[in-house]
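Trainee: Hi! Could you walk me through some charged residues in this protein? I'd like to look while we talk.
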Amino acid sequence: LSWSSIVLCLDVGFAMGNAAPGEESPLEQAKKVMTKFLQRQVFAESKDEVAVVLFGTEGTRNDLASGDQYQNITVHRSLMLPDFDLLEDIQNVIQPGSEQADFLDAIIVCMDLLQKETIGKKYEKRHIELFTDLSSPVSEDQLEIIIANLKKTGILLQFFLPFPVDADDGGGGTSASAHSHVHRNSFARKGITEQQKEGIHVVKKLMHTLDEEGGLEEIYTFRESLERLSMFKKMERRPVAWPCQLTIGSNLSIRIVAYKSVKEKVKKTWTVVDAKTLRKDDVQKETVYCLNDDDETEIQKDDTIQGFRYGSDIVPFSKVDEEQMKYKTEAKCFSVLGFSRSCQIQRQYYMGNQVLKVFAAKDDENAAVAFSALIHALAELKVVAIVRYAFDRRCNPQIGVAFPYIKDAYECLIYVQLPYMEDLRQYMFSSLKNNKKYIPTEDQLSAIDSLIDSMNLVYEDDDGESFEDLFKPSKIPNPHFQRLYQCLQHKAFYPNEPLPPIEPHLLEMLEMPCVVKERCQAPLEKVKALFPLKDVGKKKEDKTAQDIFKDNNEGGPNPKKPKAEDEEGGFSIISIAEGNVTSVSIFLQIFFLSQQLTNRIDQFLENKGSQYYMKGINCIKVFREEAIKLSKVQCFNDFLQALKSKVEDKALADFWEIVMQGMMAIPFFFFFLVYFYKLSMM
Amino acid sequence: MSDWVSYYRSEGAEEEDDEQEEGAEAVVEHKFAGRDSLIFLVDASKAMFESYENEEVFTPFDMTMQCIRNVYTSKIISSDRDLLSVVFYGTEKNKNSADFKRVYVLQELDNPGAKRVLELDKYRGDQGQILFRDTFGHSADYSLGEALWACSNLFSDVRVRMSHKRIMLFTNEDNPHANDSAKAKLARTRAGDLRDTGIILDLMHLKKPGGFDISLFYRDIINIAEDEDLGIQPHESGKLEHLMKKVRAKETKKRALVRLNLYLSKDLSLTVGVYSLLQKAYKPYPVKLYRETNEPIKTKTRMFNGKTGSLLLPSDTKRAQMYGNRQIVLEKEETEELKRFDLPGLVLIGFKPLSVLKQHHYIRPSQFVYPEEALVKGSTTLFNALLMKCLEREVLALCRYTPRRNTPPRFVALVPQEEELDEQKVQIAPPGFHLIFLPYADDKRKVDFTEKVPANREQVDKMKEIIQKLRFKYRTDSFENPVLQQHFRNLEALALDMMEPEQAEDLTMPKAEEMSRRLGNLVEEFKQLVYPPDYDPDRRAVKRKQGDGDGQTEKKPKTEISRDELRSHVQKGTLDSKTHFNMSKKTE
């Protein structure tokens, strides 16, 4: 993997700011495309460097400017990693100018910039991305020189225009017409000026000369670019090679190299920062140790030793002793223990969190031949290797399976971990086929048959060999990250606003394909009619108080989890307080509870529905009573106010009404009553 | 490189994110937990100490004690909070709270521990049998009803909350009170009482001459758990392995990770339980002890502002990430909220042939799905119909899976599994769907593959011979985790003041000698075929041996040597020159 150097070259000439009523101006559209592109780069933590060159600016700032040459062209930002400052610039600083400039001149400035600023840098490709509406006069004088230079330096050029280029002269060659389906947008070509027509002509000439085959394919409309860029791209990681030797017995080894090929990508972890200063360094943690007695006598860390449970016994076992006596992995290894029929390894027994692809070592044809013999022998015998695998001396050894994987382009072994005896849970489940109660009728079975037919996602092509799969999860970006980036991006610009709603296109991606949805309606109705399903009472709210409050325990001053025997989701605050908070003041207790309750109530309210409302109300009632007992009414009032604003945010007027009724029904003391009325008048 | 290391170093110790997820599931699992409790009720009358027709090494009693010990040690590793107890009946001596004759409570219901394991070990083997006779004696004059009563007392004496109570009865007598209808009646009454109080009574019947006939007596005594009904009783056990299998299938109470709806459409859903049949067993976390007294201590972590020193409450902090040179700050709640997509559930997307499931698209251990009739009646029939049809048509159900609120969805393949019993009628595969997690685009990585150099027919065939010599039958329980075993043996040694821990055999190490013996000359022959004589895989590559595909092999003049000839060459040690010659030809 290596990185690219990219110049975003944007026309800010006065015509770019003109918009038809109800439409966005070409400049706004171009800025959107650039923003999307840069956001993707930022969240993918790409190492591509980006520069911005504007043309049509009032002023002039570029290395080539002299006299009346290269005027109104500004190098807005040199080649560097894109960041939020740049994104903000694009959003707020870059505005349509009052001048105009020749886009061919701008290209020359960009080429000059790329040449100068990439000296001594490693890059794979250099790009110029030009955003313009082609409204400015253009002089073809230098066209030949530009073309020759682009070819010579290998700099790639792409155009982004507000309209498609191929509609105006009825198609110029096959590539243009092949391309036209992409441009099936409603952009009226009628509004195109003579100047723009000339511009189009120059662009086409330029691109066609650069690359007769595909040059015109490098001209995009703003709209299609936006669609393509709407997904955040995944972070590319450099594959890390793990060199080792595959051994079969003590005398046969083959040099191999392994890579992780599938591993669940985990997000970056969150840093905890001080809510006021927003600084990480301001948050510090300390751990105190204390005896389990009534006074919680504090003791020094040095007075503690380490121990382990052995059933009912706790065995003191110092770190030093543990280190000395523990199992030691001798060295990294990939040792074959034996071979088993491949059907003896069932997929549901895969363990661990990754898949390795194992190849012969690079540049060692002897190893490659030996390895190939192993792969093909395994495949032909339909057997797999059972392997002891240790990443290195410090790591625990694994048992795993290595099976052959033969493609046209390459062949390899695929390694996945298998369970140890200790990892198995041998559960027994009641028989389904030996219980007459649960045997479906013929009618029921045929209804399921038609359901399966109608919801089939894979079609065999006519040739009977290839398949069309309507729904491939492995092509879908993880919605968690898409959502995370969307939220981060939003918060970067609007730190004080709530999170935006999930983008509809993201949700759509997770749904059943439309064709299937329509097709399965009738069979679903049939299944529904034939299989009586009866809700036996409400699903028990399977939440204990521990569960309810666990979100907030993290990082709090007391990691001890509250004991809660109650399974019904009802609870007494005091019992929680006692179990939960042992060393902080009553004030803190109450404060905690209000935090926890707020979150809990939030959760209840997410599930709009009266039974959740009632749970919420009960929480509030209990809190109020306890607050009164402890004479900490202010806490409760603060809490209520916070709640009110939350409720308003979420448009839950009906819930608030119930709260009010609930509060009225119980007499409580004057102070609160007054306060509450005040609140409800707000 | 750092990437690799950071993961591996943390294995078994602390894995940041993954660990948290697993931790969260563990919480779900133990949420309602009281403790599981299990009494081993063991027939100690004479017949249990006699080998069956001398064909088994172990007496029925010996097998029983080994099983029990095994459960003890595995509980210590996997769930040391569960309560276990051992009760003998048919002994001469007695010890129990109600002073029933012929009932001896060896160990009350308590956590398994080192001393208790050691005590069990005393009664193993021939020496153990003698010790048992001398200590407890045997008597046929027992009452099974009283033994059951004593068990019931043990349960009620326990003060902690128990979620699951079970008695496993080990005997090889199929009609204990054939001549005493009063005792038989009492046993039936007590068994009925147990049933009424929700105590499961399993029969672990052992082989006896003439066969064990359940219908004579035990059919009315045993009480099978509703969720473990196979509609058929397993056979009597004549072998330790088989008894172990029966016991293991029931020793842990199964608990659903989560119960949720499986939506066929928005308004059509059944309920299922999701189970995990695989759960990585980790070395437990250490506990902190006070040096003076070895008593466990509490740790409390406080957050405070480094500048002002004031205590920080969770609400005084926010969460941040850095991107594009900017720190982006969210509320803690918002970091949870952004993970919220669906309510918990499995949403059906459609069906696909099983064959499209890629073997190497794996990201985390599978789970298991079984219907939950208690929430939506009719779920089991619909589930069964889906299962039957998916099996028949060899299709999988693709679903979107949200196990909990604030958990982003993942796509899973529900792969049907047919129920399977072994010859002794013990379930080895339960009916239901395996839930296989599928990767997203982000989870796949590009790799830098090595150009292939195809081996020729002869080379492949030689490797096949090697493979054939080293075949064995893989079973999921073939390998113990050497790290865990060593850890617990160390603890055991320390707990029991043993001089040195028992050394566990490391089953993950290749059996080098055995392999060499089986392979004989094959390895040398293979090396001759693929490696040049001066090639040492421990060092850098020297030069190319050969690497043409099968097509070209035909043309080679050298392959005129038959395999037998080749073998004799190898044996005489004359092959070197020939292969060498051939090789130099190829490399031109």
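Trainee: Is K462(B) buried or exposed?

Mentor: K462(B) is buried, with a relative accessible area of 3%. Keep in mind that this is a predicted model.

Trainee: Okay! Which residue does the side chain of K462(B) meet in a salt bridge?

Mentor: That would be E525(B), and the N to O distance is 2.5 Å. K462(B) sits in helix α11 (residues 457-469) of chain B and E525(B) in helix α14 (residues 522-530) of chain B, so the pair ties together parts that are 63 residues apart in sequence.

Trainee: And E525(B), buried or exposed?

Mentor: E525(B) counts as buried, at 7% relative accessibility.

Trainee: Where are R517(B) and E514(B)?

Mentor: Both are in helix α13 (residues 512-519) of chain B. They are three residues apart there, so about one helical turn separates them.

Trainee: How accessible is R517(B), and what about E514(B)?

Mentor: R517(B) counts as exposed at 61% relative accessibility, while E514(B) is partly exposed at 29%.

Trainee: What does K339(B) form a salt bridge with?

Mentor: Its partner is E336(B), and the closest N and O atoms lie 3.7 Å apart. K339(B) has a relative accessible area of 17%. Buried means under 20%, so K339(B) falls in that class.

Trainee: Which residues are linked in a network of salt bridges?

Mentor: Look for D449(A) and D453(A) in chain A, together with K389(B), E392(B) and R393(B) in chain B.

Trainee: Where is K358(B) in its chain?

Mentor: K358(B) is in the loop between β12 (345-353) and β13 (367-371) of chain B. This lysine, K358(B), is partly exposed, with a relative accessible area of 39%.

Trainee: Last one, a threonine. Which strand does T304(A) lie in?

Mentor: T304(A) is in strand β12 (residues 304-310) of chain A. At 11% relative accessibility, T304(A) counts as buried.

Trainee: What does the side chain of T304(A) reach?

Mentor: It reaches the backbone oxygen of K301(A), at 2.6 Å.

Notes. Residues numbered from 1 in each chain as written. Chains lettered and ligands numbered in written order. Predicted model: local features only at pLDDT ≥ 70, side-chain atom pairs only at ≥ 80, totals over all residues. Heavy atoms only, no water. Helix = DSSP H or I, 4+ residues; strand = E, 2+ residues; numbered from the N terminus. Buried < 20%, exposed > 50% of the residue type's maximum accessible area, 1.4 Å probe, protein only. Polar contact = N/O pair within 3.5 Å; in protein donor to acceptor, adjacent residues only side chain to side chain. Salt bridge = Lys/Arg side-chain N within 4 Å of Asp/Glu carboxyl O.
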